[in-house]
Amino acid sequence: MKNLPGKLLLLSVVSVIAVTAQAAQYETDKEAFENHFKGRFPDVVREEFANGVYAIDPIGRESWEAIEEFPPYELFVDDGKEMWDAPFANGKTYKDCFPDGPGIAHKYPHWDKEQGMVMTLPLALNQCRESQGEKPLKYKKGSINNILSYIAFESRGQVTDVVIPEDDPRALEAYENGKKFYYTKRGQLNFSCANCHVQNAGMKIRSDMLSTALGQTTHFPVYRSKWGTVGTLHRRFTGCNSQARAKPFKAQGEEYRNLEYFLTYMSNGLTLNGPGARK
Amino acid sequence: MNMKKLTAMLCLGAIVAIAGQSVIAAEKKAAPKAETANKVAAEPAAKSSENSGDKAAAESAIAAAESARKKAASIDGEWRDTGKMIKKAQAALKAGDSAKAIKLAKKAENQAKLGYEQAQAQQELKMPSYLKY
């Protein structure tokens, strides 16, 4: 018992060292991640990665730029503005939940210490709706994409800035879980997300070029010609998992929220340019 | 004995012999018919017992597949089509096609086992060598 204060001090020092070492790990992860793409695409300037696959696919880029002259997501942005302005049944609006809105996309995802979970924009929108007595919106398809399009449009030019707070080890754990998800092989095809979007980014899969993981989160929600509408990031996650023949997870479930946390952190510093248009 | 009587006796004997042969042949022919009839009568019972055996085997195969699927899902290792295969197996069983149900259930069970093994092997995060730290 004599040495108890000494032991406690030692334990605290060891804990601090362990947390700091882990905290430094995500910075190292990001460095390795960025260096990989720098090595693969030495002629592409970093900021260009915000344009997704069109940073590395010159032919696709021509079509994309033509599409952007009359953007297919425009009507969704207009409908989203109407949603943002329209009062709920109780007379309040989204603005009451998000006083800094509508240009708030750069604030998500973030670690919500109070709820002990990664908070994404779609989840925050639905929590707002529920707190105002409204029904939550579906997370993959439908009108959630209108309001997300409007918010993304109003957030253009903001910079991705995901923070992993060091004062809550649960945040780091969420980041690590998202990272593990990204590098885990799954499904009948035995693919990880990284197999396509890190290892083989820039390669062709049938007629399409695989996009780089760097910059993948900057332009959501996205109008995909394949969908014929705008869809959420978690809808895209679902599609990717399905293509590898793995059973997809629930949109806005813990797995995909942590994945979004990791993946968006990897794009820190890139400018938001959503909503986007893709094939 | 004159020739007429002898010929008449020979003809009668031949007729008797032919008739006898016919009776034996007819009896021989009749016997398999009776056996077949007995067999036919026994077949529905056998088939019904075989069907119920198939049905039980299909039910057991579906249960094994579902249990393997749940095991894989418990460690996030379920594949996309496993659950669908089990549903198809259940539909085939309902439609009375036990053989198809067993085939689908076994395929699903195999997928589930592979998914479980895959997820087990991926429990520990190993950073890929193409990323240079």
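**Domain organisation, helix packing and local backbone features**

Chain A is divided into domain 1, which spans residues 28–70 and 164–278, and domain 2, which spans residues 74–154. The model described here is predicted. Taken over C-alpha atoms, the centres of domain 1 of chain A and domain 2 of chain A are separated by 22 Å. To the contact between them, domain 1 of chain A contributes 23 residues and domain 2 of chain A contributes 22 residues. On the side of domain 1 of chain A that touches domain 2 of chain A, the elements giving two or more residues are helix H7 (169–183), strand E6 (229–231), helix H9 (233–243) and helix H10 (254–266) of chain A. H10(A) gives the most to this side, with five residues. By class, the side of domain 1 of chain A that touches domain 2 of chain A comprises 10 nonpolar, eight polar and five charged residues.

When its neighbours within four places in sequence are left aside, Tyr261(A) is in contact with Pro109(A), Val118(A), Val162(A), Ala174(A), Tyr175(A) and Gly178(A). In soluble globular proteins, nonpolar side chains tend to be buried together.

A helix pair in chain A is considered here in detail. Two packed helices are described by the angle between their axes and the distance between the axes. The axes of helix H3 (residues 74–85) of chain A and helix H6 (residues 144–154) of chain A come within 7 Å and cross at roughly 95 degrees. Since angles of 65 to 115 degrees count as roughly perpendicular, H3(A) and H6(A) are therefore roughly perpendicular to each other. On H3(A), the contact is made by Phe76(A), Val77(A), Asp79(A), Gly80(A), Lys81(A), Met83(A) and Trp84(A), and on H6(A) by Asn145(A), Asn146(A), Ile147(A), Ser149(A), Tyr150(A) and Phe153(A). Seven nonpolar, four polar and two charged residues make up the contact of H3(A) with H6(A).

Phe88(A) lies in the loop between H3 and helix H4 (94–97) of chain A. With 16 other C-beta atoms within 10 Å, Phe88(A) is partly exposed, because a residue counts as buried at 20 or more such atoms and as exposed at 12 or fewer. Residues up to four places away in sequence not being counted, Phe88(A) touches Thr93(A), Gln132(A), Gly133(A) and Glu134(A).

The peptide bond from Gly101(A) to Pro102(A) is cis, with omega near 10 degrees, and Pro102(A) lies in the loop between H4 and strand E1 (110–112) of chain A. The peptide bond from Gly274(A) to Pro275(A) is likewise cis, with omega near -10 degrees; Pro275(A) is placed in the loop between H10 and strand E7 (276–278) of chain A. Although not a glycine, Asn190(A) has a positive phi of about 60 degrees. Asn190(A) is situated in the loop between H7 and helix H8 (193–199) of chain A and is partly exposed, with 15 other C-beta atoms within 10 Å. Arg245(A), also not a glycine, has a positive phi of about 65 degrees. The loop between H9 and H10 of chain A holds Arg245(A), which is partly exposed with 18 other C-beta atoms within 10 Å.

Chain B has three helices and zero strands, and from the N terminus on its elements run α-α-α. Of its 133 residues, 23% count as buried. Among contacts in chain B between residues at least 6 apart in sequence, 72% join residues at least 24 apart. At the interface between the chains, 13 residues of chain B are in contact with 20 residues of chain A. The side of chain B that touches chain A consists of seven nonpolar, two polar and four charged residues.

Methods:
Residues numbered from 1 in each chain as written. Chains lettered and ligands numbered in written order. Predicted model: local features only at pLDDT ≥ 70, side-chain atom pairs only at ≥ 80, totals over all residues. Contact = placed C-beta atoms within 7 Å. Nonpolar A, V, L, I, M, F, W, Y, C, P; charged D, E, K, R; others polar. Domains from an automatic or database assignment. Helix = DSSP H or I, 4+ residues; strand = E, 2+ residues; numbered from the N terminus. Axes fitted to C-alpha atoms, helices over the stretch in contact; angles between N-to-C directions. Parallel < 35°, antiparallel > 145°, perpendicular 65-115°, else oblique.
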